[in-house]
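Here is a walk through this model, going from one end of the chain to a wider view and back down to side chains. Keep the viewer open and follow along.

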Amino acid sequence: MADKNYCDLVYAWFQCKSEWDGENRVVPYKMATFVTIGEETGMDRRSASKYVKQLLKIGLLEENDDNKTYVLKTLQSSSAMLVPFTTLRQLVNSLNRNSVNLFVYLLNRYLGNGETSFIVTHKELKSRIGLATTTTSNNIVINDILDILRRLGLIEYELQQVEYDKTNIVVTKVSNVLPE
């Protein structure tokens, strides 16, 4: 999603903490305090609160007051893929939020595309993390994030020059687990 108030990291936190109740993936209210979410994702309580409220607003989370749980919803079944907690923790502890958001975005695109190659552009990825899309001077930020994710063994990609100043990024593989 291109909504700057949406946070993949907070949704991923809910995915990691959720349990299957026979019908849905759920997280008890007691476990999902804004302080806890903030501490475990590297943000403050206010930011965690804002992002949880946004997830509720856009329908990725629902509150079940009868069971005192948050219920996880997905926009498509492929986005329900869980990123293992160890992988998420290592990414959060070592990379910035933009890197984690792009990784989760690319993983969802890869799974949504049937685990086959797909094309993205610098403009699309810059828009995803809130960078200006009308200039190429900040393409280096995207290039650096992609390079680190490749070095970590999480993505494989190729660059395709399509015009003098336009390059497509062909993502050929995205893994949700760091290699041993």
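Val 177 sits in the segment that comes after strand S7, which covers 166–174. Keep in mind that you are looking at a predicted model. Is Val 177 buried, partly exposed or exposed? With a relative accessibility of 38%, Val 177 counts as partly exposed. Its C-alpha is 8.6 Å from the C-alpha of Gly 153, although 24 residues separate Val 177 and Gly 153 in sequence.

Now zoom out to the whole chain. There are seven helices and seven strands in the protein. Reading from the N terminus, the order of elements is α-β-β-α-α-β-β-α-α-β-α-α-β-β. Of the 180 residues, 41% are buried. And if you take the contacts with a separation of 6 or more, 56% of them are between residues 24 or more positions apart.

Next, a pair of helices. Two packed helices are described by the angle between their axes and the distance between the axes. Helix H6 spans residues 122–129 and helix H7 spans residues 139–151. How do H6 and H7 pack, and at what angle? Their axes are 10 Å apart and the angle is about 90 degrees. The range for roughly perpendicular runs from 65 to 115 degrees, and H6 and H7 are therefore roughly perpendicular to each other. On the H6 side, the residues that meet H7 are His 122, Leu 125, Lys 126 and Ile 129. Across from them, H7 brings in Asn 139, Ile 142, Asn 143, Ile 145 and Leu 146. Sorted by class, this contact has five nonpolar residues, three polar ones and one charged one.

Let's pick one residue out of that contact. His 122 belongs to helix H6. Buried means under 20% relative accessible area, so at 10% relative accessibility His 122 counts as buried. Which residues does His 122 touch, once its neighbours within four places in sequence are left aside? The list is Asn 139, Ile 142, Asn 143, Thr 167 and Ile 169. With Asn 143, the side chain of His 122 also makes a polar contact, at 2.7 Å.

Between H6 and H7 runs a loop, and Thr 135 is found there. Thr 135 has a relative accessible area of 30% and is partly exposed. Its side chain makes a polar contact of 3.1 Å with the side chain of Ser 137.

Charged pairs come next. How many salt bridges does the model have? The count comes to four, and here are some of them in turn. Lys 17 and Glu 40 form one of these, with 3.1 Å between the closest N and O atoms. This pair links distant parts of the chain: Lys 17 is in helix H1 (residues 8–17), Glu 40 is in helix H2 (residues 34–41), and they are 23 residues apart. Lys 17 counts as partly exposed at 21% relative accessibility, and Glu 40 is partly exposed too, with a relative accessible area of 35%.

Another salt bridge joins Lys 73 and Glu 62, where the closest N and O atoms are 4.0 Å apart. Lys 73 lies in the loop between strand S4 (69–72) and helix H4 (85–94), while Glu 62 is in strand S3 (residues 61–64), so the pair ties together parts that are eleven residues apart in sequence. Lys 73 is partly exposed at 25% relative accessibility, and Glu 62 is partly exposed at 40%.

One more brings you back to H6. Arg 109 forms a salt bridge with Glu 124, and their closest N and O atoms are 2.5 Å apart. Because Arg 109 lies in helix H5 (residues 97–112) and Glu 124 in helix H6, the pair ties together parts that are 15 residues apart in sequence. Arg 109 has a relative accessible area of 27% and is partly exposed; Glu 124, at 25% relative accessibility, counts as partly exposed as well.

Notes. Residues numbered from 1 in each chain as written. Predicted model: local features only at pLDDT ≥ 70, side-chain atom pairs only at ≥ 80, totals over all residues. Heavy atoms only, no water. Axes fitted to C-alpha atoms, helices over the stretch in contact; angles between N-to-C directions. Helix = DSSP H or I, 4+ residues; strand = E, 2+ residues; numbered from the N terminus. Parallel < 35°, antiparallel > 145°, perpendicular 65-115°, else oblique. Contact = heavy atoms within 4.5 Å. Nonpolar A, V, L, I, M, F, W, Y, C, P; charged D, E, K, R; others polar. Salt bridge = Lys/Arg side-chain N within 4 Å of Asp/Glu carboxyl O. Buried < 20%, exposed > 50% of the residue type's maximum accessible area, 1.4 Å probe, protein only. Polar contact = N/O pair within 3.5 Å; in protein donor to acceptor, adjacent residues only side chain to side chain.
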